[in-house]
Amino acid sequence: MTIEAPDAFSGGKTPHFEESARESLADSQLRRNLGKATQTIRNKRAVAVEEMPDWEQLREAGRALKSRTLRHLDEYLLQLEESVKQAGGQVHWARDGEEANRIIAGIAKSHDAGEVVKVKSIATDETKLNEYLKREGIEAFETDLAELIIQLAGETSSHILVPAIHKNRSEIRELFMQKLGVEDLSDDPPDLTNAARLYLREKFLKAKVGISGANFAVAETGTVCVVESEGNGRMCTTLPPVLVTLMGIEKIIPAWQDYEVFMQLLPRSSTAERMNPYTTFWTGVSEGDGPQEFHLVLLDNGRTEVLDDEIGRQTLNCIRCSACLNVCPVYERTGGHAYNSVYPGPIGAILTPQLVGIGKSGSDSLPYASSLCGACYEVCPVKINIPEVLIHLRGRVVRHKQDEGGLRGKLDPENVAMRAMAKTFSEPRLYEGAQKAARIGQWPLARSGAIHRLPGRLAGWTDARDLKPIPEQTFREWWRSRNGSGTHSGTRSGEGS
Amino acid sequence: MEIQERLGDPFGNPFGGGLVTPAREEILRRVRRATHDVPKDEHPEDVPVERGYRDKDDAPREEIVERFAERVAEYEATVHRADESDLPRAIAEACGRRGVRQLVVPAGLPEEWIPEDVETLRDAASSPLSNEELDRSDGTLTGCSLGIAQTGTIVLDAGEGQGRRALTLLPDYHLCVVREEQIVGLVPEAFAKLEETVKGEGRAITFISGPSATSDIELNRVEGVHGPRTLEVLIVG
């Protein structure tokens with residue numbers, strides 16, 4: 001089955017965003033598909049949000065509820081554990097992906113399940129659960145149409161919400177005819193969908209164990225929910241006698257009432273609908289209805305590290321709607337694969353490096369995959385200030401290089417330049433000296449009031465913009481030349497401009 | 001840690017290589033360390049949550065019911081309206097149009113709703129229908145717990161006349177009866193009404209907004225993936 005491409009969560013080295021983006025940008029089919037998809041969802045979302053006079057109040061409530069949860073996460077985790085147990089479920093704790101996988105495989109094995117059905121869960125993509133189960137002799141069937149497509153193709157997701165956005169209908173027809181053994185299949189989307197329905201119905205009826213993620217879990221009542229469109233979520237959480245749900249510890253919400261906020265924010269931000277077709281809310285085990293054994297696996301896997309950063313913490317507000325992907329000018333052009341992570345787009349650019357830890361060259365490049373335009377912040381239903389976190393993480397990446405990069409890090413040109421700049425800007429004498437030197441140095445470069453191209457390593461800056469040259473007379477020189485000649489200069493410490 | 005792992009789980013949990021409870025303690029320790037900036041005397045309720053959004057639709061009843069009908073229909077579900085006295089006939093007609101021969105009937109469904117000329121597959125706690133029987137049936141007839149006008153959503157809570165979840169999942173046709181007085185205006189009104197069910201018996205709740213759908217192939221919307229591909233709603237007033 002699927003051999004997943006290694007990504008930031010596989011443990012090995014991943015390429016820099018820039019390198020991977022270059023590959024994606026060269027794929028014109030991918031760019032066309034992505035352009036069409038992101039634009040369609042973007043416009044639909046705007047309409048769905050426009051309809052809501054209280055959208056801003058809902059966003060604010062969503063942000064505040066998440067903040068309340070995260071600041072008191074230990075209490076809420078204990079409360080959730082208690083509620084789920086009270087309702088007949090079992091709760092497991094997993095410090096990392098490996099531990100989560102081991103727990104889930106253990107449950108499947110205890111029921112002699114050689115096959116399990118799964119409903120889309122990014123958490124299980126993060127832990128590489130499918131690969132783990134395969135090594136343990138258990139085959140995991142993805143049941144979301146897009147996940148099925150990419151699983152059959154042996155590829156990875158390129159979008160949180162529509163993972164097969166990079167595949168067109170004729171590619172999918174080929175794939176289904178080859179892998180599902182269907183003859184005589186048109187490339188009409190309803191026909192393709194029906195082929196998947198028939199193939200999966202058999203799997204659903206047979207499965208002994210279902211595996212799901214969770215959109216939310218209520219600490220107060222223990223009620224977990226899966227928000228979906230296709231009905232595969234209902235199938236996986238209803239038909240198998242045993243249900244295992246893997247969820248990140250940040251998915252908790254305090255009270256049942258709080259669903260009224262998130263169930264308004266999520267569908268409109270995600271699929272741009274008033275409400276998604278199906279949502280299942282279950283509270284532990286219900287006698288005679290659905291699985292009679294329920295396991296909730298609580299996953300840390302780096303989340304407590306994110307929590308530990310007071311600016312980065314808001315990243316855990318994320319409800320995985322993918323609105324930020326669809327408005328991002330960078331994502332629209334590069335697609336999801338360039339991020340080398342199960343979390344692509346702007347949210348991925350801040351979540352991935354924090355989850356895997358700063359200091360890994362591939363994911364350290366992600367906070368730079370942005371023009372800081374701020375569109376992601378504007379659409380975020382839980383008000384994550386993504387640009388703020390991006391800049392903060394850039395700082396952490398640079399500091400990490402300085403602190404732990406050894407001699408090579410210290411001699412890194414960016415570091416050397418930044419340190420020299422810092423020194424220059426902090427001392428008036430050096431600053432003025434630098435201005436004078438620059439005025440002399442720039443004469444071969446400045447043309448009609450602008451520098452169009454800088455030499456050597458600095459050329460990158462002027463690739464896409466002009467640079468203003470140092471003027472004939474600086475502000476400080478002008479100030480001193482006024483009558484009275486700058487008696488106030490230098491009276492405040494650190495004055496440097 | 002490794003020694004503990006070899007010894008197995010000292011706390012009796014059969015899964016997870018014996019580290020389940022130490023994992024719990026460690027995660028809680030990490031969480032507490034990570035939130036050290038939160039003042040010790042701060043309680044969760046001290047973090048302000050401004051609920052400035054709408055929590056009740058003050059529109060006239062008829063307008064709310066009309067909105068519900070419109071929005072359900074926008075999801076490509078079929079919507080009919082009927083008088084109470086006319087309901088059995090409307091149900092029989094719908095089943096006739098669809099060509100239903102075997103109809104799944106949940107426990108607690110009013111007897112007068114069931115058409116005479118169909119074979120009924122009755123589900124009961126003591127004698128539940130098998131998944132195969134449900135899969136082979138032609139359709140299912142249920143009531144509901146609530147309707148939400150704002151979003152065109154039908155809410156099932158596995159109560160009387162609705163049945164367990166599989167009943168409205170495996171058959172390919174779902175005919176759902178919604179009484180006008182069950183329709184609320186806004187999403188928060190629905191969650192408020194459901195609170196008792198969840199906190200009491202803890203029954204599972206399903207939100208249905210149109211038949212299942214996917215946009216996974218080139219973002220073309222296809223109605224009907226899993227679950228009933230046809231949803232028909234009868235609003236009774």
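**View 1. The domains of chain B in the predicted model.** The domain assignment of chain B, with bounds taken from an automatic or database domain assignment, gives domain 1 (2–46) and domain 2 (61–236). Taken over C-alpha atoms, the centres of these two domains of chain B are separated by 43 Å. This is a predicted model, in which local features need pLDDT of at least 70 and side-chain atom pairs count only at pLDDT 80 or more, whereas totals for chains, interfaces and linings use all residues. Residues are numbered from 1 along each chain as its sequence is written, while chains are lettered from A and ligands numbered from 1 in the order in which they are written.

View 2. Chain B has 6 helices and 12 strands, both being DSSP runs numbered from the N terminus (helices H or I, at least four residues; strands E, at least two). The average pLDDT of chain B, the predictor's confidence in each residue from 0 to 100, is 91, and 92% of the residues score at least 70. Over residues 1–20 of chain B, however, the pLDDT is below 50, although this stretch has 28 contacts in the model beyond near neighbours in sequence; two residues are in contact if their C-beta atoms, placed from the backbone, lie within 7 Å. Where pLDDT is low, the predicted coordinates should not be read in detail.

**View 3. The contact region between chains A and B.** In this region 80 residues of chain A are in contact with 70 residues of chain B. On the side of chain A that touches chain B, helix H3 (residues 55–71) of chain A gives the most, with 9 residues. By class, that side of chain A has 35 nonpolar, 26 polar and 19 charged residues, where Ala, Val, Leu, Ile, Met, Phe, Trp, Tyr, Cys and Pro count as nonpolar, Asp, Glu, Lys and Arg as charged, and the others, Gly among them, as polar. The model scores ipTM 0.92 and pTM 0.88.

View 4. Eight strands form an open sheet of mixed pairing in the order S8(A)-S5(A)-S6(A)-S9(A)-S9(B)-S6(B)-S5(B)-S8(B), strands being paired if DSSP finds at least two bridges between them. Strand S8 (252–253) of chain A and strand S8 (183–184) of chain B stand at the edges with a single partner strand each, so one side of each is left without a neighbour in the sheet. Strand S9 (residues 278–283) of chain A pairs with strand S9 (residues 205–208) of chain B in the antiparallel sense over 4 bridges, and Thr279(A) has Phe207(B) as its bridge partner in S9(B). Within chain A, strands S5 (residues 216–218) and S6 (residues 223–228) pair in the antiparallel sense over 2 bridges, with Val224(A) in S6(A) as the bridge partner of Ala217(A).

View 5. Arg313(A) has its place in the loop between helix H13 (303–307) and helix H14 (323–327) of chain A. Arg313(A) is buried because 22 other C-beta atoms lie within 10 Å (buried means 20 or more such atoms, exposed 12 or fewer, and partly exposed in between, with C-beta atoms placed from the backbone). Not counting residues up to four places away in sequence, Arg313(A) touches Leu70(A), Val306(A) and Leu307(A).
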